[in-house]
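Here is a plain walk through one protein model, for someone meeting it for the first time. Have the picture open as you read.

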Amino acid sequence: MNKHILCIGAGYVGGPTMAMIAHKCPQYKVTVTDINQQRIDQWNSDELPIYEPGLDDVVKKARGRNLFFSTELEQGIKDADIIFVSVNTPTKEFGEGKGMAADLQYWESAARLIRKHANSDKIIVEKSTLPVKTALAMERVLSAGSGDVHFEVLSNPEFLAEGTAMLDLENPDRVLIGSRETDTGLKARDQLIGIYANWIGHDKILPVNIWSSELTKLVANAFLAQRVSSINSISALCEKTDADISEISRAVGMDSRIGGKFLNPSIGFGGSCFKKDILNLVYLCQYYGLKEVADYWQGVVSINEYQQKRFVLNMLNNMFNTLAGKKICLFGFAFKANTGDTRESPAFYATHQLAEEKAKIIISDPKAIPNARNDLQGLDADVSFIEDPYEAAADCDAIAVMTEWKLYEKLDYRKIYNNMRKPTFIFDGRNVLDHKKLFEIGFNVFSVGKPGMTHYE
Ligand code: NAD
Ligand code: UGA
């Protein structure tokens with residue numbers, strides 16, 4: 001059994017995934033490397049670079065025992081038997097495929113590093129989300145002039161969701177392992193299965209062909225995002241017809257063939273992956289000449305953009321068609337609860353839209369303020385950051401709930417209302433508050449996919 005595991009890329013996936021492997025497999029040495037020294041320093045400190053419930057505990061138990069964070073890529077590659085590659089694969093921002101295709105430059109630079117420093121056979125595991133057929137390119141880069149060293153490439157996409165990453169890693173719905181169906185491919189596959197079998201039942205470990213594995217990852221994200229766009233598209237119709245999206249979502253989800261998950265209406269999906277992975281899928285379909293298929297999936301992204309835009313437009317319309325000079329407090333900036341991650345957060349787009357309307361924006365969030373500050377650097381607008389929600393909302397005209405943090409459900413809204421300007425508005429972009437109660441307190445209440453509740457005619 002292999003003993004040395006290396007991960008290239010110490011991000012939201014590499015860090016937690018390797019921490020879980022080290023935690024469950026004390027017999028292996030697990031090293032996580034990155035080119036970003038600051039990130040590695042943070043992984044070695046008391047303030048980890050990402051907030052994820054349960055992560056601190058696992059890292060602190062394993063770190064220094066069999067879990068190491070380091071920038072020493074060269075030595076790490078030499079020592080490793082299995083190398084997971086978990087670098088970022090963002091949307092390309094230049095050249096052919098700009099705005100759609102995956103930018104594979106970090107991926108290829110990791111492959112080149114491996115080829116340069118490896119002096120014995122290695123199993124290379126694709127952990128990053130990649131276009132189908134990337135393993136072929138990886139094999140080509142790795143085998144160009146590698147002499148006697150054999151590299152076996154496997155695909156093992158990660159399905160963890162932020163905020164529940166440690167639970168997802170400990171108890172995944174499935175672990176997908178794609179390999180070549182050659183002797184060496186199947187042998188490598190069995191080694192990787194051996195790692196996961198330390199804590200995951202064989203019934204949940206799915207060996208498949210390598211291209212299915214790569215493509216499944218894109219498809220799984222596309223299906224999840226499609227559900228969100230489907231319910232969000234119907235929320236717009238509800239607002240025109242006095243139907244209630246929560247009732248519809250519940251009733252539709254109770255059909256066991258459909259299921260109730262991922263049918264929460266919202267201000268649109270965010271996060272670093274849904275949009276980029278769907279655009280990647282769209283690009284692949286276009287590349288293979290499948291225009292109708294590409295258009296179908298593009299629709300999921302288009303509805304999401306529509307939903308994000310619609311939310312601020314609703315604010316504008318309901319606040320007498322002007323937001324100029326009005327103070328709007330955003331409750332939440334993270335793209336979902338239980339994470340400090342703000343990548344592609346709907347709150348980011350809302351802030352820009354509100355800035356265009358010349359509103360004054362106050363941002364509150366229990367974990368995401370440092371990232372929010374960073375994201376909004378250079379935005380020409382009146383933006384301030386106040387963690388305490390009571391202080392943040394004081395003297396504001398409106399609150400907009402952008403993230404479904406539990407704490408927002410438990411606030412004393414009477415106290416908040418008393419300290420706000422009148423007339424007072426609340427826009428619940430996550431449908432998590434008690435709207436009837438808020439209305440009784442005096443708020444004009446607007447949510448997603450439900451009739452508005454106003455105190456004026
Ligand atoms: P991230 O940006 O948080 O981390 C990637 C890390 O890779 C960065 O720290 C970067 O410095 C490092 N890196 C880049 N090139 C490198 C190189 N040549 N050598 C060493 N380090 C290098 O990204 P992430 O969110 O962890 O995502 C990584 C991959 O996993 C992406 O393909 C993403 O689509 C996929 N994924 C992400 C999630 C998620 O929830 N974030 C879930 C499943 C899959
Ligand atoms: C998603 C997938 O759920 C993971 O399986 C996948 O591994 C990951 O992407 C990835 O590839 O990066 P994540 O983006 O962390 O995980 O979070 P989700 O829980 O999927 O939420 C994504 C967005 O959809 C959030 O903005 C969330 O608020 C929104 N959402 C989700 C809704 O608006 N409604 C819902 O019913 C569910």
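This is a predicted model: local features need pLDDT of at least 70, side-chain atom pairs count only at pLDDT 80 or more; totals for chains, interfaces and linings use all residues.

A backbone N or O atom of Phe 159 sits 2.7 Å from an oxygen atom of ligand 2. A backbone N or O atom of Glu 158 also faces an oxygen atom of this ligand, at 3.4 Å. From Lys 217 it is a polar side-chain atom that comes in, 2.7 Å from an oxygen atom of ligand 2. How much of ligand 2 does the protein cover? On its own the ligand has 700 Å² of accessible area, and the protein covers 90% of that.

Now for the wider shell. Ligand 2 is surrounded by 20 residues, and the closest are Phe 159, Leu 160, Ser 266, Cys 273 and Arg 430. Sorted by class, they come out as 11 nonpolar, 4 polar and 5 charged residues. Helix α9, which spans residues 210-241, gives the most to this shell, with 4 residues.

Ligand 1 gets a shell of its own. Here 26 residues surround the ligand, with Val 13, Asp 34, Arg 39, Thr 89 and Lys 276 the closest. By class, this shell has 9 nonpolar, 10 polar and 7 charged residues. Which helix supplies the largest share of the shell around ligand 1? That would be α5 (residues 105-117), with 3 residues.

Some individual contacts are worth a look too. The side chain of Arg 39 brings an N or O atom to 2.8 Å from an oxygen atom of ligand 1. Tyr 12 uses a polar backbone atom, 3.0 Å from an oxygen atom of the ligand. With Ser 109, a polar side-chain atom lies 3.0 Å from a nitrogen atom of ligand 1. Taken alone, ligand 1 exposes 830 Å², and the protein buries 93% of that.

Next, a look at helix α1, residues 14-24. Is this helix mostly covered or mostly open? Mostly covered: 9 of its 11 residues are buried. Among the buried ones are Gly 14, Pro 16, Met 18, Met 20 and Ile 21. Lys 24, on the other hand, is partly exposed, with a relative accessible area of 23%.

As a general point, side chains of opposite charge can pair when their charged atoms come close. The model has 21 salt bridges, and here are a few of them.

| Salt bridge | N to O distance |
|---|---|
| Glu 170 and Lys 24 | 2.6 Å |
| Arg 343 and Glu 162 | 3.5 Å |
| Asp 244 and Lys 450 | 3.3 Å |

Take the pair of Glu 170 and Lys 24, whose closest N and O atoms are 2.6 Å apart. Glu 170 counts as partly exposed because its relative accessibility is 36%.

Arg 343 and Glu 162 meet in a salt bridge as well, at 3.5 Å from N to O. Both belong to loops: Arg 343 to the one between β9 (327-331) and α13 (346-356), and Glu 162 to the one between β6 (151-155) and α7. They are 181 residues apart. With a relative accessibility of 36%, Arg 343 counts as partly exposed, whereas Glu 162, at 9%, counts as buried.

Asp 244 and Lys 450 form a salt bridge with their closest N and O atoms 3.3 Å apart. Asp 244 lies in the loop between α9 and α10 (245-253) and Lys 450 in the segment after β14 (444-447), so this pair ties together parts that are 206 residues apart in sequence. Both of these residues are buried. Salt bridges with shared partners also join Glu 162, Asp 341 and Arg 343 into one network.

Last stop: Asp 365, found in the loop between β10 (360-364) and α14 (369-375). Asp 365 is buried yet has no salt bridge. Where is the nearest side chain of opposite charge? It belongs to Lys 367, 8.4 Å away. A polar atom of its side chain lies 2.7 Å from the backbone nitrogen of Phe 333, and a polar contact of 3.1 Å joins the side chains of Asp 365 and Trp 405.

Notes. Residues are numbered from 1 along each chain as its sequence is written. Chains are lettered from A and ligands numbered from 1 in the order in which they are written. Side-chain values use heavy atoms; hydrogens and water are left out. A residue is near a molecule or strand if one of its heavy atoms lies within 4 Å of it. A polar contact is a pair of N or O atoms within 3.5 Å; within protein, one must be able to donate a hydrogen and the other to accept it, and residues adjacent in sequence count only if both atoms are side-chain atoms. Accessible areas come from the Shrake-Rupley method with a 1.4 Å probe; for residues, only the protein chains shown count as cover. Helices (H or I, at least four residues) and strands (E, at least two) are DSSP runs, numbered from the N terminus. Ala, Val, Leu, Ile, Met, Phe, Trp, Tyr, Cys and Pro count as nonpolar, Asp, Glu, Lys and Arg as charged, and the others, Gly among them, as polar. Buried means under 20% relative accessible area, exposed over 50%, partly exposed in between (1.4 Å probe, protein chains only). Lys and Arg count as positive and Asp and Glu as negative; His and the chain ends are not counted. A salt bridge is a side-chain nitrogen of Lys or Arg within 4 Å of a carboxyl oxygen of Asp or Glu.
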